[in-house]
Amino acid sequence: MMPTHEDECFEDHWWKCIEIIESAHEHMKLPIPKEGLDEPELRKKWVDKESESCLIGKEDIKSWQDVRKKLWDHYVSDDVDKKVLEEYGYHAWESDED
């Protein structure tokens with residue numbers, strides 16, 4: 001299902017996206033502030049309708065898994081992605097749920 005801002009479970013999907021961003025930061029060894037990532041800023045950047053970076057409504061985004069993949073690809077280098085895939089056998093953004 002194509003993601004929209006009106007999805008019944010929008011917040012649940014968005015929090016999975018935040019978890020992907022956190023995981024990407026950890027794998028890339030990027031610092032995460034002790035109070036956590038700036039969720040309002042990330043929300044504004046990635047899912048706010050007014051943002052040029054908004055992933056919701058893009059032609060190539062057909063599911064929430066596509067959103068998570070775009071976020072992962074944005075934060076994680078190809079080398080680290082390959083290492084994670086080798087270690088775990090799947091990508092962090094993959095899910096059977098959507």
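**Helix packing and the core**

Author: This is a predicted model. Helices α1 and α3 are roughly parallel to each other.

Reader: At what angle do the axes of α1 and α3 cross?

Author: Helix α1 covers residues 10–27, and helix α3 covers residues 64–75. Their axes come within 9 Å. Angles under 35 degrees count as roughly parallel, and the pair therefore falls in that class. The crossing angle is roughly 25°.

Reader: Is that crossing left-handed or right-handed?

Author: The α1 side of the contact includes F10, W14, C17, I20 and A24. Among the α3 residues they meet are W64, V67, L71 and W72. The crossing of these two helices is right-handed.

Reader: How many nonpolar residues are in the contact of α1 with α3?

Author: K16 in α1 and R68 in α3 are among the residues that meet here. By class, the contact has two charged and four polar residues. The nonpolar residues number 11.

Reader: Is α2 roughly parallel or roughly perpendicular to α3?

Author: Helix α2 spans residues 39–46. Its axis is 13 Å from that of α3, and the angle is about 110°. Angles of 65 to 115 degrees count as roughly perpendicular. That makes α2, relative to α3, roughly perpendicular.

Reader: Which residues in α3 does α2 meet?

Author: The contact of α2 with α3 divides into four nonpolar, one polar and one charged residue. From α2 come L42, K45 and W46. In α3 they meet L71, H74 and Y75.

Reader: Which element gives the most to the largest nonpolar core?

Author: This core has 24 residues. W14, L42, W46 and V67 have the most contacts inside it. Two or more residues come from each of α1, α2, α3 and α4 (78–88). The element that gives the most, with seven residues, is α1.

Reader: What does V67 touch, not counting residues up to four places away in sequence?

Author: V67 is one of the core residues with the most contacts inside the core. In α3, V67 is also among the residues that meet α1. Beyond four places in sequence, V67 touches P3, C17, L55, I56 and I61.

Reader: Is W72 buried or exposed?

Author: W72 is found in helix α3. Leaving out residues up to four places away in sequence, W72 touches I20, S23, A24, H27, D81, V84, A92 and W93. Its C-alpha atom is 6.5 Å from that of I20, 52 residues apart along the chain. At 0% relative accessibility, W72 counts as buried.

Methods:
Residues numbered from 1 in each chain as written. Predicted model: local features only at pLDDT ≥ 70, side-chain atom pairs only at ≥ 80, totals over all residues. Heavy atoms only, no water. Axes fitted to C-alpha atoms, helices over the stretch in contact; angles between N-to-C directions. Helix = DSSP H or I, 4+ residues; strand = E, 2+ residues; numbered from the N terminus. Parallel < 35°, antiparallel > 145°, perpendicular 65-115°, else oblique. Left-handed = near helix turned anticlockwise from the far one by under 90°. Contact = heavy atoms within 4.5 Å. Nonpolar A, V, L, I, M, F, W, Y, C, P; charged D, E, K, R; others polar. Core = buried A, V, L, I, M, F, W, Y, C linked by side-chain atoms within 4.5 Å. Buried < 20%, exposed > 50% of the residue type's maximum accessible area, 1.4 Å probe, protein only.
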